[in-house]
Amino acid sequence: MKSIIIIPAYNEQDNILDVINDIEQNAAGYHYVVINDGSSDKTDLMLQENHIPHINLPFNIGIGGAVQTGYKYAYEKGYDIVVQFDGDGQHKASYIPEMINILEKGTADMVIGSRFLDKRGYQSTFIRRLGIKYFRFLIWLLSGSRVTDSTSGFRACNRKIIDLFSKRYPQDYPEPESIMILKQNKLKIVEVPVEMRKRTRGNSSINRSLSVYYMVKVTLAIILSRMRPRIRRFSN
């Protein structure tokens, strides 16, 4: 199957080359593209100088818009599988072949890399772990499904979801809400254990001052997604 890794990046001048080197060494042979989300640092310059495939967004539209740009690109180019891979260096490319292999066998529509199945590597801060547990409970309450790492941005999905996300994808803090969209449309999600690294350079898009806003907004978005009607047809 034709697969591509999409890498959203905002002000990742200190991380992006290490991310690409990781992919080329541990997930060699797969196509990849960086979605440069209007970075104001030297991310674009580094992508150009190193001849890294990328799409430049004219201004910063946020993580949801950047990821959806990748899905739109993959859909228009006819890719069968998309892997989401953060540009901050927290994900390990060595897990990508396993995630793609699960999709090629047809046993799932989405594969999520979960740091909480084996509890190895960086487990995030205490406050964030509380938030993740809260969303795990909320998604279970509304869908009956347990997803241990609902905020993980390390994911792989098949053509059905590429089609869906190219048309409908949450814009702010999209990961938990996107899970509810998939469950509402009866798509199968599985998790695999992964080890993540702590971000050592650059800044996360979610800081302490935005945590309350994040929790309230995502909670409302998940509830509304639960109430929306199912999409009747997907392309194969």
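1. The lining of the second largest pocket is made up, by class, of four nonpolar, one polar and four charged residues (Ala, Val, Leu, Ile, Met, Phe, Trp, Tyr, Cys and Pro count as nonpolar, Asp, Glu, Lys and Arg as charged, and the others, Gly among them, as polar). The lining residues are F116, K119, Q123, F126, R129, L130, I132, K133 and R136. The volume of this pocket is about 190 Å³. A pocket here is an open set of points on a 1 Å grid over the protein atoms alone, where a 1.4 Å probe fits, with protein on both sides within 12 Å along at least five of seven lines; lining residues have an atom within 4 Å of a point. Grid points are joined across faces, edges and corners, and the volume is the space filled by probe spheres set on the points.

2. On the basis of the note: this is a predicted model, in which local features need pLDDT of at least 70 and side-chain atom pairs count only at pLDDT 80 or more, while totals for chains, interfaces and linings use all residues. Residues are numbered from 1 along each chain as its sequence is written, and side-chain values use heavy atoms, with hydrogens and water left out.

3. K119, one of the pocket-lining residues, is found in the loop between β5 (110-114) and α5 (126-143). Helices (H or I, at least four residues) and strands (E, at least two) are DSSP runs, numbered from the N terminus. K119 has a positive phi, near 55°, in a residue other than glycine. Its relative accessible area is 64%, so K119 is exposed (buried means under 20% relative accessible area, exposed over 50%, partly exposed in between, with a 1.4 Å probe and protein chains only).

4. Two further backbone positions deserve a look. H51 has a positive phi of about 55° although it is not a glycine; H51 sits in the loop between α2 (43-49) and β3 (54-56) and is exposed at 71% relative accessibility.

5. Helix α7 (residues 174-184) packs with helix α8 (residues 211-227) at an angle of about 10°, the axes being 9 Å apart. That makes α7 roughly parallel to α8 (angles under 35 degrees count as roughly parallel, over 145 as roughly antiparallel, 65 to 115 as roughly perpendicular and the rest as oblique). The axes are lines fitted to C-alpha atoms, for helices over the stretch in contact, and angles run from 0 to 180 degrees between N-to-C directions. From α7, P176, E177, M180, I181 and Q184 meet Y214, V218, A221, I222, S225 and R226 of α8, where contact means heavy atoms within 4.5 Å. By class, this contact has seven nonpolar, two polar and two charged residues.

6. Most of α7 is covered, with 10 of its 11 residues buried. The buried residues are P174, E175, P176, E177, S178, I179, M180, I181, L182 and Q184.

7. Helix α6 (residues 159-167) is largely enclosed by the rest of the structure, because seven of its nine residues are buried. These are R159, I161, I162, D163, L164, F165 and S166. The elements covering them include α3 (63-76), β4, β5, β6 (155-157) and α7.

8. R228 is found in the segment after α8 and is partly exposed, with a relative accessible area of 41%. Leaving aside neighbours within four places in sequence, R228 is in contact with R168 and Q184. The C-alpha atoms of R228 and N185 are separated by 9.7 Å, at 43 residues apart along the chain.

9. V34 lies in strand β2 (residues 31-36) and is buried, at 0% relative accessibility. Not counting residues up to four places away in sequence, V34 touches I7, A9, I16, I20, L47, I52, P53, H54 and I55.

10. G87, in the loop between β4 (81-84) and α4 (96-104), is buried at 4% relative accessibility. Beyond residues up to four places away in sequence, G87 touches I7, P8, E12, N15, I16 and V19. The C-alpha atoms of G87 and L17, 70 residues apart along the chain, are separated by 9.2 Å.

11. D41 lies in the loop between β2 and α2 and counts as partly exposed at 24% relative accessibility. Residues up to four places away in sequence aside, D41 touches N11, E12 and Q13.
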